[in-house]
Amino acid sequence: MHSLQAEYHTALRGEKMTEKSNAEQNNAKQNNAKNDLKNKETAERVSKSLDKEAMYGGYVDLKAYHIPDESIEVKKMTDLDSMIKSSLTTVGISADGNAGGNFLMYNNKVSHRSATADGLEIMSVKEALAKYDWLEDYMWQLVSPEADKYTARSYMEDSDGYFIRALPGAKITSPVQSCLMIGSEEALQTVHNIIIVEEGAELEIVTGCLTHDAVKRALHIGVSEMYVKKGAKLTFSMIHDWEESVEVRPRTGIRIEADGQMINNYVCLKPAKSIQSNPSAYLEGEGATAYFNTIAVAHPGSVLDMGSRVFLNAPKTKTEIISRTITIGGEVISRGDIIGNAPDVYGHLECNGLVLSDEGTQKAIPALEANAMDVEMTHEAAVGRIARDQVEYLMTRGLDENEATGLIVRGFLSAGIEGIPEILQEDIDEIIKKTADAS
């Protein structure tokens, strides 16, 4: 009797498990069908933006560039060839393997990813999507694929990129290095990155973007979405080292929760044909803060249209946007927008530009918007040449004119900018020499 009962119950459990399994499979099929339909509808909608021009920045013909097949893959950063290793140092990236983690993307394919620090995850976005179902909820939430033709193209290419995540409470003491490198002539590099700093975690990332020595003309489209959770801190430094005929279109969105902090450093000292960047930060939790620091030099023929937008959407949020730019013959447009949407918020915007060539142009476009009564927001902007009396004063101290100009430029570029990798000091010294000669 007991044996028959056992057999009966075993069979019954088997039937129920089969029913459950079939139900799960049916649900999965239905969900997949819904996702496929949703993705199809989204793709059809986004495709209509493939010819949509950006609000700012000059015209770029996307058809003049192609998606390259060339790629490289290495197990360790130390396995890279000497030429690439040398190039990486110009954007603050070391291949010695001592970083908290590394990510390298060559053209449109991932070449290397590794994480050595505890509490840190680094992989490609496509690998992360296969591992975490919830990541879909983070994709294209802070940057709209319909924003312009650059985001639309990135979406339609199903772009890969880095997924970097600091786990809850993790304090990543060594910086994470990520590098996006273009290695083919007339290449179109499309990248989609996701950064998540979980609650109470701290993370520093140094991202270097550059071209291989053999590449003279290319287009880079970089979409980045960053999530800073409650009480977390992210320090993000981006260093660009492009060739004179490279065009660059980053698109960045940042969400910061209560008591979260974001420090964003952007450095561009080398020539580029055009750069148009205007990251948006949304401070959604009480006490969230965001600091944006930019130092850039516009060489002859370059057009740099750069800025930052910060939405103060919760009480006691704070932001400071500081840009220091120099033209030695190119055009600089420095934008800054602070939007106060909640009471008891603070924002300060500062745009300073030096004109060291009669062929150069500096434009400062600060904007403040208050949509609540109890807000404090200020801005200041100044453009012009180096004051002659400052140069003459330093010359009375024993410096020649070029040395005096160089010292002033160096102080101008470095003032208020923290967290810049030491390797960039060599680049700054080189720029000082060029700006001294140009003046």
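Me: Buried means under 20% relative accessible area, exposed means over 50%, and partly exposed is in between (1.4 Å probe, protein chains only). Buried or exposed, what is Ser274?

Reply: Ser274 is buried, because its relative accessible area is 9%. Keep in mind that this is a predicted model, in which local features need pLDDT of at least 70 and side-chain atom pairs count only at pLDDT 80 or more, while totals for chains, interfaces and linings use all residues. Residues are numbered from 1 along each chain as its sequence is written, and side-chain values use heavy atoms, with hydrogens and water left out.

Me: Where does Ser274 sit, and what does the side chain of Ser274 make a polar contact with?

Reply: Ser274 is found in strand β12; helices (H or I, at least four residues) and strands (E, at least two) are DSSP runs, numbered from the N terminus. Its side chain makes a polar contact, at 3.2 Å, with the side chain of Glu247. A polar contact is a pair of N or O atoms within 3.5 Å; within protein, one must be able to donate a hydrogen and the other to accept it, and residues adjacent in sequence count only if both atoms are side-chain atoms.

Me: And what else does Ser274 touch?

Reply: Leaving out residues up to four places away in sequence, Ser274 touches Val246, Glu247, Val248, Arg249 and Val303, where contact means heavy atoms within 4.5 Å.

Me: Zooming out, how many helices and strands does the chain have?

Reply: There are 7 helices and 20 strands in the chain, and buried residues make up 51% of its 439 residues. Among the contacts with a separation of 6 or more, 84% are between residues 24 or more positions apart.

Me: Which residues have the most contacts inside the largest nonpolar core?

Reply: They are Ile195, Leu203, Leu234, Phe236 and Ile275, in a core of 58 residues. A nonpolar core is a set of buried Ala, Val, Leu, Ile, Met, Phe, Trp, Tyr and Cys residues joined through side-chain atoms within 4.5 Å. Apart from this core lies another, of 31 residues, which includes Val206, Val267, Leu356 and Ile408.

Me: New topic: how many salt bridges does the structure hold?

Reply: It holds 20 salt bridges, a salt bridge being a side-chain nitrogen of Lys or Arg within 4 Å of a carboxyl oxygen of Asp or Glu. One of them joins Glu121 and Lys131, whose closest N and O atoms are 3.9 Å apart. Because Glu121 lies in strand β3 (residues 120-124) and Lys131 in helix α3 (residues 125-131), the pair ties together parts that are 10 residues apart in sequence.

Me: Which parts does the pair of Lys171 and Glu202 tie together?

Reply: The side chains of Lys171 and Glu202 meet in a salt bridge at 3.8 Å, N to O. Lys171 lies in the loop between β4 (162-166) and β5 (176-182), and Glu202 lies in strand β7 (residues 202-211), so this pair ties together parts that are 31 residues apart in sequence. Lys171 is partly exposed, at 48% relative accessible area, and Glu202 also counts as partly exposed, at 35%.

Me: What about Lys270 and Asp241, are they buried or exposed?

Reply: Both Lys270 and Asp241 are buried, and they form a salt bridge in which the closest N and O atoms are 3.7 Å apart. Lys270 is in the loop between β11 (261-268) and β12 (274-277) and Asp241 is in strand β9 (residues 233-241), so to speak a link between distant parts of the chain, 29 residues apart.

Me: How many disulfides are there?

Reply: There are 0 disulfides, a disulfide being a pair of cysteine sulfur atoms within 2.5 Å. Cys179, for instance, is in none, and the nearest cysteine sulfur, that of Cys209, is 7.3 Å away. Cys179 counts as buried at 1% relative accessibility, and Cys351 is buried too, with a relative accessible area of 3%.

Me: Last one: which residues of helix α2 are buried?

Reply: In α2 (residues 82-89), Ile84, Ser87 and Leu88 are buried. The buried residues of α2 pack against β1 (101-106), β5 and β7.
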